[in-house]
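Here is a short report on one model. Look over the sequence and coordinates before reading on.

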Amino acid sequence: MTHPLPAVLASLAGGLVVSVQANDGTPVRDVAVIAALAESALLGGARALRLNGPEDVRRVRAVTDVPIIGLHKVHNGTRNIITPEVGLAVSLAEAGADIIAVDATAEHLGTDFGLLGEIVAATGRPVMADVSTLDDGLRARDNGASIVGTTLSGYTPESRRGEEPDVQLIAELVGAGIPTIAEGRYRTPEQVAAAFDAGAFAVVVGGAITDPIAITRRFVDVTPGARE
């Protein structure tokens, strides 16, 4: 059964969410720089922000009232797992996150997706379940997620691999009646438009907007010097 979305999520309908994150060891991995990038994204028209870790959430919360999707990445030796513990979710909520993103994949949770409901109960915040397949999305919906994101498609053994966004997964999830945020490998306005055409509720764009290293590399890769 599909329930009405919490107001904070309903406000994202048809909008762009900008993910403002940076890897350790890069010049922009500084909380003040993250805040500046976040404010710049808002000036450009972003409807909401997606931020990693309570420190960044707290700093950005101080300068804006727009919805913040908070997450806490923990590397498991293979890939980053998104908010794998209730305590991490509570820290994000206390820092000011309005929505908690959680890794909701069979690779991580197996068949027991009860963590999602536990996080909702502990934080009083809606959960965005980051999934990789339709089955993940169905389990997430049945275990308390208010909305799902296609964030982890291509990052789990069960999901489709590819360089392009997984628009097919959006269509599958939406066809099952699941409100879906498109996320993962969105680099162009045309790809964002295609996600909305497939029924996406909102779209998240990250590095294509906020990662100057990746942005520069895409231009450098087509220069004669790079081909030598």
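In which hand does H2 pass H3? The crossing of H2 past H3 is right-handed.

## Basis

This is a predicted model: local features need pLDDT of at least 70, side-chain atom pairs count only at pLDDT 80 or more, and totals for chains, interfaces and linings use all residues. Residues are numbered from 1 along each chain as its sequence is written, and side-chain values use heavy atoms, with hydrogens and water left out.

Helices (H or I, at least four residues) and strands (E, at least two) are DSSP runs, numbered from the N terminus.

## The barrel

8 strands close into a barrel. Their order is S1-S2-S3-S6-S7-S8-S9-S10, and the pairing is parallel. Pairing requires that DSSP finds at least two bridges between two strands. On average, neighbouring strands of this sheet are turned by 30 degrees against each other, direction ignored. Strands of a sheet pair through backbone hydrogen bonds, either parallel or antiparallel.

Strand S1 (residues 16-20) pairs with strand S10 (residues 202-205) in the parallel sense over 3 bridges. Val 18 has Val 205 in S10 as its bridge partner. S1 also pairs with S2, again in the parallel sense, over 4 bridges. There, Val 17 stands opposite Ala 48 in S2. Strand S2 (residues 48-52) has 4 of its 5 residues buried, so the rest of the structure largely encloses it. Buried means under 20% relative accessible area, exposed over 50%, and partly exposed in between (1.4 Å probe, protein chains only).

## H2 against H3

Helix H2 (residues 31-43) packs on helix H3 (residues 54-61) at an angle of about 50 degrees. Their axes are 9 Å apart. Axes are lines fitted to C-alpha atoms, for helices over the stretch in contact, and angles run from 0 to 180 degrees between N-to-C directions. H2 and H3 are therefore oblique to each other; angles under 35 degrees count as roughly parallel, over 145 as roughly antiparallel, 65 to 115 as roughly perpendicular and the rest as oblique. A crossing is right-handed if the near helix is turned clockwise from the far one by less than a right angle, and left-handed if anticlockwise.

From H2, Val 31, Ala 32, Ile 34, Ala 35 and Ala 38 meet Glu 55, Asp 56, Arg 59 and Val 60 in H3. Contact means heavy atoms within 4.5 Å. Asp 56 is buried, with a relative accessible area of 2%. Asp 56 touches Arg 29, Val 31, Ile 34 and Leu 51, not counting residues up to four places away in sequence.

## H4 against H6

The axes of H4 and H6 come within 9 Å and cross at roughly 40 degrees. This crossing is right-handed. Val 86, Ala 89, Val 90 and Ala 93 in H4 meet Leu 115, Glu 118, Ile 119, Ala 122 and Thr 123 in H6.

Glu 85 lies in the loop between strand S5 (80-82) and helix H4 (86-95). Glu 85 is partly exposed, at 49% relative accessible area.

Helix H7 (residues 134-142) has Asp 136, Gly 137 and Ala 140 as its buried residues. They cover an arc of only 95 degrees around the axis, which puts them on the same side of H7. The arc is that of the directions from the helix axis to the C-beta atoms. Their cover includes helix H6 (114-123) and helix H8 (167-175). Gly 144 follows H7, with a positive phi near 110 degrees.

Helix H9 (residues 189-197) lies across strand S9 (180-182) and S10. H9 runs at about 150 degrees to S10.
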